[in-house]
Structure formats: structure tokens, C-alpha cells
Amino acid sequence: MGRRLDTWCDTTLSRRALLIKGGTALCGLPLLGLEGSGAGRRLTRFEAPPFGLGVSSGDPTNDGVVLWTRVLGAGMDPAELAQSRVDVTWEIADDERLSKVVKRGVATAAPEWGHSIHVEANGLDADRWYWYRFRAGDAFSSTGRTRTLPRAGQAATQLRFAFCSCQHYEQGLFTPYRHMSEEDLDLIFHLGDYIYEGPGAANRVRQHAGTELLTLDDYRKRYAQYRTDPDLQAAHAACPWFVTWDDHEVDNNYANAVSERDDPREIFLMRRAAAYQAYYENMPLRRSSMPQGPSMRLYRGFSYGTLSSFFVLDTRQYRSNQPCGDGRKAPCPEVFDPKATLLGPEQERWLFQQLDRSRTRWNMLPQQVMMARVDQTGGPEESYSMDQWSGYDADRTRVLEFLAKRRPSNPVVLTGDIHSNWVNDLKVDFRDRASPIVATELVGTSISSGGDGVDVQPRTPEILAENPFVKFYNSQRGYVSCELTPTSLSARYRIVDYVSRAGAPKRTRASFVVEDGKPGAVRV
């Protein structure tokens, strides 16, 4: 979990680190609880609606869920808001009109945590839908819908979920989220790149506000800009989310304490601490994920009755630096270093223990970067992405050998990151066509990153011929919608033809089924 923020600031940051832009904005903040009261002026009236970032819920259990919102002081003096607290009433009801309230309470939106609210509402019935909203003074939020999970050991016959990643605000509209919100899903998984950290650029679909993100205030403003998107708000309000990050929530292709530009370690860790706090402030996460300085425990697991276990992974915070100088390269000796890791030793042990203990029919691994060993160059030459599992061959082999030997029931890897759709058979030995399939990997494209995209790229035939374990490849925008039952997993690759303008209709580009007890996806 790492050290507390105050201890880290006292012992880690050098004078040089404190001199970077806004360097004192993070250190000195106490780690306060997010519910209850505290000192300082309390606001009760607002010049504009304070819930402009919408509502969301996440990390449900069989008797509770996290409810999230963030209070903004639109029309107020920022200095006044920075010194003020806001008491926010929350309520959960059995019905959409919220006429049958079953839980109610008050939480305090504090400036130390960006006026965010994280309510851990407990004591709810298992396996059912609820509706919720917030009130501050005389202002009400929009209404969100959420649900609890079935109890452990409870028979569950169906789960509908979607997974997605990579929503670059400048490169396209978030139209896929509007379609996602209309699918009547039980859960949504976001697999990283919720924001992008770069400065605003001209002549794009829309423009980032501000320069490259470095400070807590920078990251807060960027999340606020993304969170104003109505399609994203609709998807958040439709059902609970499970989230994990990738690189752009902090810095492109960072690896543990190594930044893209090899900044001094203490300076980058300060930036990472700011980014992690802003991520927590803007996601529906539990206190168990509250950041402590530049560390934040995000990997976690849950089960959906007897139907499935989900093990949400973090392949960014604990990884070794990318080998071979990063990028797409022919394998260098460091690719095969047995000490190199994506997961880190502690997370890897946790994953293997959880998979060993799982007794559910399906075992899902929502994570960030592609696991399959995809050769990006045709012919006898080879090239692989050093930022993916292919840059960490020994770590990937350990995971796939564990799946082959311990045989957890129906393992499926859910992946984001690369702005394209893939379906891959996972094997211990990808070079051997006869090597048995040990799991299936479903890779989802981006929401908007990369712009409109294309259906078939010139390299598509070459990639498919070079990698016979790849069942499908497409590079349009969208998400993957899944239906899980005791007998099968159905995955529908939803795409839109454009995100450069509004109104793109949804299409199902391809559908695949994985049958119980038969690893490998079949196109239907």
C-alpha cells in the first residue's frame, strides 16, 4: 500500500522536487475521511447547479455500493470554494422516482479531496437494482441507477456487462457511451486511459483545457472537463462501474517510478501522487483504494454469485521499465529477463491465490495491455510492443503456465489500451500451432482515441497470417458488450463509423462465443 502521504512528503521529496510547477499543492494535505463533518465554512446556496459532473456508482458488493459525485462551485469565487465545505445528502430508493427511500445520509465534500463524495452505502439487499441521488442546499443531482451483486454461493444465471478504454477528449466524441447506456447492462468495466495528460491542441474535434498535466490542480481540471461530457455521464448513471487505470491517467507509457522522459525519480513520484489522488477523487472507489502518496492499491477481486469471479489488475504501477528502449522492437535479451514484471511479485501472488481459491464457473481478468504475443512484422523478422505483455515474456509465461497447470475454470482476459479490436487464443507457446489453448483474450477498441478509425487496415492480412491465434482484428471505435451464462460467454464487438461528429449509429461488427469448458473463441 505504501507510506502515508504526510510521511512520504517529509522523507522523500527533495527541495528540487518542491520547486516544480505547483509543487506545494499536494504536500501538507491531511488524509481526511470523506464522510462526516469538519471545520471551515459551509456552503448551502449556489449560484449555479453544483452537480455538473454527474453521478456514478461502483465497486458493488452483495450488500452495498459506492456512490460518487463531485461538487463544483460554478459561478463562485474559486478562493472562496477552496476554503469551504459542502454537506451533501444522499439517498437510495427502491424506485426510479425515489419515492421509496431505503437509505439516507449526509457526507461532506471537502476541498482536501476536490469536493468529491464517496459514500459506501451498506445494508442493501443482494442482487437487485436501486436508484440514488444527491442534494446540496436546495440543489439536486441527476438520478443514477445502481445494483448490488448476488451473494457468494448464490446461483446466478446471467450477467450482462461491457468493457471499454481510451477516451481521448480531443480526438473524438464519446458517442459509444450513449449506446452503452442504452443496453441495460449490469456492470461496466473501464480498463484505463480515462483521461489524457497532454496539452490542448488546435484543430481537433474539441480541445483540452490547459497545458500538460503536472499538479493536482491540473489533473482535477482535466477530469472535470471529461466528466462534463453528457454521453459519459449517461453511461456512469446507467449501472455500477469497476475501474482500473493505464498510463495516460499519469504519463504516457510510464513504468512504476520511470516517466516517459526519464524525469528525476522524486519529481515524477510527486506527479504520480497528484495524479493518483485526482484519479481517486473522480472515480467511484472504496476507501481501501484511497491513495497514500504515490501508491494506491487498485487491484482487487469480486464474485458474481456462482457465475463468475473478476480479478481487476494493475499492470502499470508495479512494472519494470519497458525493455529495448520501449516502442515496437525486435526482442532484445531484456524481454526474457525472469526478474522483469508487469504485475509485481505481490500482485502476482495475490492473483494466483485468488484463482486457486475460485469456485465460480468463469474467471475474468480485466486488465490493461494485450497479453497475446502478436508479431507486428510479416516474414522472418519480428517486432513486438515493449509496453505490452510481449515485453515481459517471463511474467506472461508464468501467468499462462499457471492457467495451464492449475486449470481455473474458464479463464478469460479482458483487455484495452491499443485502440483496436482483437480476439486471441492464449497459449503457453505461441510459436507452436499445436500448443493447447489455455484461455481466451478479448481486446476492446477505444471509445474515441485515434479518431474515426477504419475497418480494415492495409496491414490486417499480414497480421492475421503472421499470428494464427488471432481470430479477429478491427480498428474502429466502440466497446465490447458481453453476456455471461453458466454455459457460455457471448461477446459482441459494437462499433461506430465515426466519432468526429455527433450521431453515429451503433453496429455489431463481429460476435464470438466461448463455451464452458472449451477455451478459445468461436465466431458466430
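These legends describe close-up views of a predicted model. Local features need pLDDT of at least 70 and side-chain atom pairs count only at pLDDT 80 or more, while totals for chains, interfaces and linings use all residues. Residues are numbered from 1 along each chain as its sequence is written, and side-chain values use heavy atoms, with hydrogens and water left out.

View 1. Buried means under 20% relative accessible area, exposed over 50%, and partly exposed in between (1.4 Å probe, protein chains only). Helices (H or I, at least four residues) and strands (E, at least two) are DSSP runs, numbered from the N terminus.

**View 2. Y279 and its contacts.** Leaving aside residues up to four places away in sequence, Y279 touches Y223, V243, T244, W245, E249, L285, M296 and L298. Contact here means heavy atoms within 4.5 Å.

**View 3. Aromatic pairs at F512.** The model holds 28 aromatic pairs. Rings of Phe, Tyr and Trp (its six-membered ring) pair if their centres lie within 6.5 Å; planes under 30 degrees apart count as stacked, over 60 as edge-to-face and the rest as tilted. F472 and F512 have ring centres 5.8 Å apart and planes at 45°, so this pair is tilted. F472 belongs to strand β22 (residues 470–484) and F512 to strand β24 (residues 507–515), so the pair ties together parts that are 40 residues apart in sequence. Both F472 and F512 are buried. Y493 also pairs with F512, edge-to-face, at 6.4 Å centre to centre and 80° between the planes. Y493 sits in strand β23 (residues 488–496), so its pair with F512 in β24 links parts that are 19 residues apart in sequence. Y493 is buried, as is F512.

**View 4. An aromatic cluster and two charges over rings.** F161, F189, F242, F302 and F310 make up one aromatic cluster. Elsewhere in this view set, R128 lies over the face of Y130, 4.5 Å from the ring centre. R316 places its charged end over the ring of Y254, at 5.9 Å from the centre. A charge sits over a ring if NZ of Lys or CZ of Arg is within 6 Å of the ring centre and within 35 degrees of the ring normal.

**View 5. E183, a buried glutamate.** E183 is in the loop between α4 and β11 (187–190). Its relative accessible area is 5%. The E183 side chain makes a polar contact with the side chain of Y479 at 2.6 Å. A polar contact is a pair of N or O atoms within 3.5 Å; within protein, one must be able to donate a hydrogen and the other to accept it, and residues adjacent in sequence count only if both atoms are side-chain atoms. Not counting residues up to four places away in sequence, E183 touches R160, Y479, S481, R494 and K506.

**View 6. Strand β22 and its partners.** Of the 15 residues of β22, 13 are buried, so the strand is largely enclosed by the rest of the structure. Two strands pair if DSSP finds at least two bridges between them. β10 pairs antiparallel with β22 over 5 bridges, and F163 stands opposite V480. Strand β19 (residues 421–427) runs antiparallel to β22, with 4 bridges; N421 has N474 as its bridge partner. Strand β21 (residues 453–454) is antiparallel too, joined to β22 by 2 bridges. There, G453 faces Q476. β22 and β23 pair antiparallel over 8 bridges, with V480 opposite Y493. These two strands form a hairpin with 3 residues between them.

**View 7. Strand β18, covered on both faces.** In β18 (residues 411–415), 5 of the 5 residues are buried, so the strand is largely enclosed by the rest of the structure. P411, V413 and T415 lie on one side, V412 and L414 on the other. Strand β16 (residues 362–366) runs parallel to β18, with 4 bridges; M364 stands opposite V412. Strand β20 (residues 437–443) also pairs parallel with β18 over 4 bridges, and V443 is the bridge partner of T415.
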